[in-house]
Amino acid sequence: MQNKRRIGSIQEDRVADWMRRHGYRILAQNFRCRFGEIDLIVKKDGCIIFVEVKYRSTGNCGAPQEAVDLLKQQRICNAASFYLYKTQCPPDTPCRFDVAAVTGKDIQVIENAFPYCGHFKL
């Protein structure tokens, strides 16, 4: 398990570097709360983007983005709602949910990979 965490952390750092080079501003990395975890929270063009990073060394287990199932999406959305509440973002702040699919050395960012699907309640 430790090896998977280490590999995941390396891939998250790679995606964060890629995003910086492409004009994104990193707001948070590995944001954790009781509702879930978000790998990267970034901002670009006034939009807050919640990014799930998924890595596969080969295509044998399917595409990385296929691992972001409905339950994972709900957890990300709930954590995103808490982040917005905690940081006092205005309710009309534009947001989206992206998946960074990493295979080998390639990084593909899938914008608007899924819609908001949380059930966050304080």
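Ser57 sits in the loop that runs between strand 3 and helix 2, where helices (H or I, at least four residues) and strands (E, at least two) are DSSP runs numbered from the N terminus. At a relative accessible area of 53%, Ser57 is exposed; here buried means under 20% relative accessible area, exposed over 50%, and partly exposed in between, with a 1.4 Å probe and protein chains only. The C-alpha atom of Ser57 is 8.7 Å from that of Lys105, although 48 residues separate the two along the chain.

A word on the model itself: it is predicted, so local features need pLDDT of at least 70 and side-chain atom pairs count only at pLDDT 80 or more, while totals for chains, interfaces and linings use all residues. Residues are numbered from 1 along each chain as its sequence is written, and side-chain values use heavy atoms, with hydrogens and water left out.

Let us follow the chain into helix 2. Helix 2 covers residues 70–86, and its 17 residues reach 24 Å from first C-alpha to last, close to the 24 Å expected at 1.5 Å a residue; that expected span is 1.5 Å times one less than the number of residues. Among the buried residues of helix 2 are Ile76, Cys77, Ala80 and Tyr83. The buried residues of this helix pack against strand 1 (25–33), strand 2 (36–44), strand 3 (47–56) and strand 4 (95–103), with contact meaning heavy atoms within 4.5 Å. After helix 2 comes Gln88, with a positive phi near 55°.

Strands 1 and 2 form a hairpin with two residues between them. Their pairing is antiparallel, over seven bridges; two strands pair if DSSP finds at least two bridges between them. Gln29 stands opposite Leu40 of strand 2.

What about the cysteines? The structure holds zero disulfides, a disulfide being a pair of cysteine sulfur atoms within 2.5 Å. For Cys33, the nearest cysteine sulfur is that of Cys77, 12 Å away. Cys33 counts as buried, at 19% relative accessibility. The sulfur of Cys89 lies 6.8 Å from the closest cysteine sulfur, in Cys95, which is too far for a bond. Cys89 is partly exposed, at 23% relative accessible area.

Finally, look at helix 1 (2–21), one of the elements that give two or more residues to the lining of the largest pocket. Helix 1 supplies the largest share of that lining, eight residues.
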